[in-house]
Amino acid sequence: MVDSASPHQLIEMLFDGACARLKKAAGCIAHGDIKGRSVAITETVSIVSGLQASLDLEDGGDLAENLDALYDYMQRRLFRANADNDADAVEEVLDLIGTLHQAWHAISEDVAPLQHA
């Protein structure tokens, strides 16, 4: 699936993966699974780092700069969530990723018809 995915679909998969891992991290915190929490948060940080690395800061203007700062903030919150076993921080990042995911999904739906024109 990854081999045949468009760039939009690849980003969509990253958002899906981040959301799934954050939900897992929240569940691990609730059940006292420290190792599971740590793995899920570490994997999420890697995904967010990948999203951040994909930004075109040279040509992306304010949007790319704002996303860069947001991804940086998310990573810092996740490091604190891992260190402090903080479910609220995990939920905050899940909400932020969820909002970006919805926006990205809406953009891809709008762009898809144009790609086939």
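This is a predicted model: local features need pLDDT of at least 70, side-chain atom pairs count only at pLDDT 80 or more; totals for chains, interfaces and linings use all residues.
Stop 1: Start by selecting Leu-55, Leu-63, Leu-67, Tyr-71 and Trp-104. Of the 16 residues that line the largest pocket, these are the closest to its centre. The pocket has a volume of about 380 Å³. Now colour helices α1 (7-31), α3 (61-84) and α4 (87-115), the elements that each give two or more residues to the lining. Sorted by class, that lining holds 13 nonpolar, 2 polar and 1 charged residues.

**Stop 2: charged pairs.** Side chains of opposite charge can pair when their charged atoms come close. The whole structure has 4 salt bridges, and we will visit some of them.

- Select Arg-76 and Asp-72: their side chains form a salt bridge at 3.2 Å, N to O. Both sit in helix α3, 4 residues apart, about one turn of the helix.
- Select Arg-80 and Asp-84, which meet in a salt bridge at 2.8 Å, N to O. This pair is also 4 residues apart in helix α3.
- Select Arg-77 and Glu-92, joined by a salt bridge at 2.7 Å, N to O. Arg-77 is in helix α3 and Glu-92 in helix α4, so this pair ties together parts that are 15 residues apart in sequence.

Stop 3: Finally, select Arg-37 in helix α2 (residues 34-53).

Technical notes: Residues are numbered from 1 along each chain as its sequence is written. Side-chain values use heavy atoms; hydrogens and water are left out. On a 1 Å grid over the protein atoms alone, a cavity is a set of points where a 1.4 Å probe fits but cannot get out, and a pocket is an open set with protein on both sides within 12 Å along at least five of seven lines; lining residues have an atom within 4 Å of a point. Grid points are joined across faces, edges and corners, and a volume is the space filled by probe spheres set on the points. Ala, Val, Leu, Ile, Met, Phe, Trp, Tyr, Cys and Pro count as nonpolar, Asp, Glu, Lys and Arg as charged, and the others, Gly among them, as polar.
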